[in-house]
Amino acid sequence: MYAPIQFIDHRLLHPQLTYREMPPCASLRPFVACYWYLKSSSPLQEEVPHRVLPDGCVDILFDFTAGKVNFVGVMSKADLVPLIGDVHLMGIRFLPQSIPFLLKGEAGFLANGMLGLGEVWGRQAAFAGKVLVPELSAAQRIEIMEKELISRFKHYDPDPKWSGMLNFITEKNGKITIAELADYYPISERHIARTFKSLVGITAKEYASIIRFQSVLQQLKQMKSSINWSDLSVHSGFYDQSHFINEFKKRYGITPGSLIADACPIFPIQSPSSLV
């Protein structure tokens, strides 16, 4: 099953910030990647840029400081979110298979953007008020979220061809052309283009590129010694190292060489089981 990574050099995570990811219950694992939590131990006196990476997912974002809840669409490139003051955020990261159900096949209007949850779901967003109650712990909030999501997703039967297409792209680590995808099913390239734009909000080519980028992050996560960027670029299906560097910069926001120093490997955000 696809496991998206929000990758970060451990030295770049501000010392006042704590980030955690918590897995969903078994019945929600086909639809929810994780619940995540970002909190400052004390108010940030200066803006801290927090890097959010494209992963093909959508999120419901709870901002407890502002008392707001937003729906965040699929992103195609890295976004630097400025954090300042009291930071207390929590989110639900939904897997790509769930997006057609969440957005009713109209994902294009939210791609690379964000709207209030009420603007997207209307009255169905009412449960968010229960999550925003200040006195609750992270575990109690997740309990409320899961109760709501279990109730919703029990009526959802994903289209097998759509799920199969996403799984196929993941199995190929994004190293697939749309022509190859069309031949495999078989359906027309035009139909694939319309389907992805409607159901996910971005093109199939862009989606496959994001999955390939995520595959690169997975490989970096597993490396225990120095990184051979040339070998990594070839193994990831890029024509040459220059092509790889340009694509990495688009998705991460900086070049690989700027991300780490010397032979130090990149560290991902870990996902301890304990809640804060």
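This is a predicted model: local features need pLDDT of at least 70, side-chain atom pairs count only at pLDDT 80 or more; totals for chains, interfaces and linings use all residues.
Residues are numbered from 1 along each chain as its sequence is written, and side-chain values use heavy atoms, with hydrogens and water left out.

Let's start inside. In soluble globular proteins, nonpolar side chains tend to be buried together. Here, the largest nonpolar core has 59 residues. By nonpolar core I mean a set of buried Ala, Val, Leu, Ile, Met, Phe, Trp, Tyr and Cys residues joined through side-chain atoms within 4.5 Å. Buried is under 20% relative accessible area, exposed is over 50%, and partly exposed is in between, using a 1.4 Å probe and protein chains only. Which residues have the most contacts inside that core? They are Phe62, Phe71 and Phe196. There is also a second, separate core, with 13 residues, including Phe213 and Leu217.

Take Phe62 for a moment. Setting aside residues up to four places away in sequence, Phe62 touches Val69, Leu89, Met90 and Phe127, among others; contact means heavy atoms within 4.5 Å.

Now for the helices. Helices are DSSP runs of H or I with at least four residues, strands are runs of E with at least two, and both are numbered from the N terminus. Two packed helices are described by the angle between their axes and the distance between the axes. Each axis is a line fitted to C-alpha atoms, for helices over the stretch in contact, and angles run from 0 to 180 degrees between N-to-C directions.

How do helix 5 and helix 7 cross? The axes of helix 5 (residues 160–171) and helix 7 (residues 189–199) come within 12 Å and cross at roughly 95 degrees. The two are therefore roughly perpendicular, a label for angles of 65 to 115 degrees; under 35 is roughly parallel, over 145 roughly antiparallel, and the rest oblique. On the helix 5 side we find Trp162, Met165, Leu166 and Ile169, which meet Ile192, Thr195, Phe196 and Leu199 of helix 7. By class, this contact has 7 nonpolar, 1 polar and no charged residues. For those classes, Ala, Val, Leu, Ile, Met, Phe, Trp, Tyr, Cys and Pro count as nonpolar, Asp, Glu, Lys and Arg as charged, and the others, Gly among them, as polar.

Next come helix 8 (residues 204–222) and helix 10 (residues 241–252), whose axes come within 11 Å and cross at roughly 95 degrees. Helix 8 and helix 10 are therefore roughly perpendicular to each other. Among the residues making this contact are Phe213 and Leu217 of helix 8, with Phe244 and Arg251 of helix 10. The class count is 8 nonpolar, 1 polar and 4 charged residues.

Staying in helix 8, let's look at Ile211. Is Ile211 buried or exposed? With 2% relative accessibility, Ile211 counts as buried. Ile211 and Thr170 are 41 residues apart in sequence, yet 6.5 Å apart in space, C-alpha to C-alpha. Beyond its sequence neighbours up to four places away, Ile211 touches Tyr2, Ile169, Thr170, Asn173 and Gly174.

That brings us to Asn173, in the loop between helix 5 and helix 6. Asn173 has a positive phi, near 55 degrees, in a residue other than glycine, and is partly exposed at 34% relative accessible area. Asn112 also has a positive phi, of about 55 degrees, without being a glycine. Asn112 sits in the loop between helix 1 (99–103) and strand 8 (114–116).

Another backbone detail is the cis peptide bond from Tyr185 to Pro186, with omega near -10 degrees. Pro186 belongs to the loop between helix 6 (178–184) and helix 7.

My last stop is Arg152, in helix 4 (residues 138–153). Arg152 is buried, with a relative accessible area of 14%. What does its side chain reach? The side chain of Arg152 reaches the backbone oxygen of Gln124 at 2.4 Å. That is a polar contact, a pair of N or O atoms within 3.5 Å; within protein, one must be able to donate a hydrogen and the other to accept it, and residues adjacent in sequence count only if both atoms are side-chain atoms. Arg152 also touches Ala125, itself buried at 12% relative accessibility.
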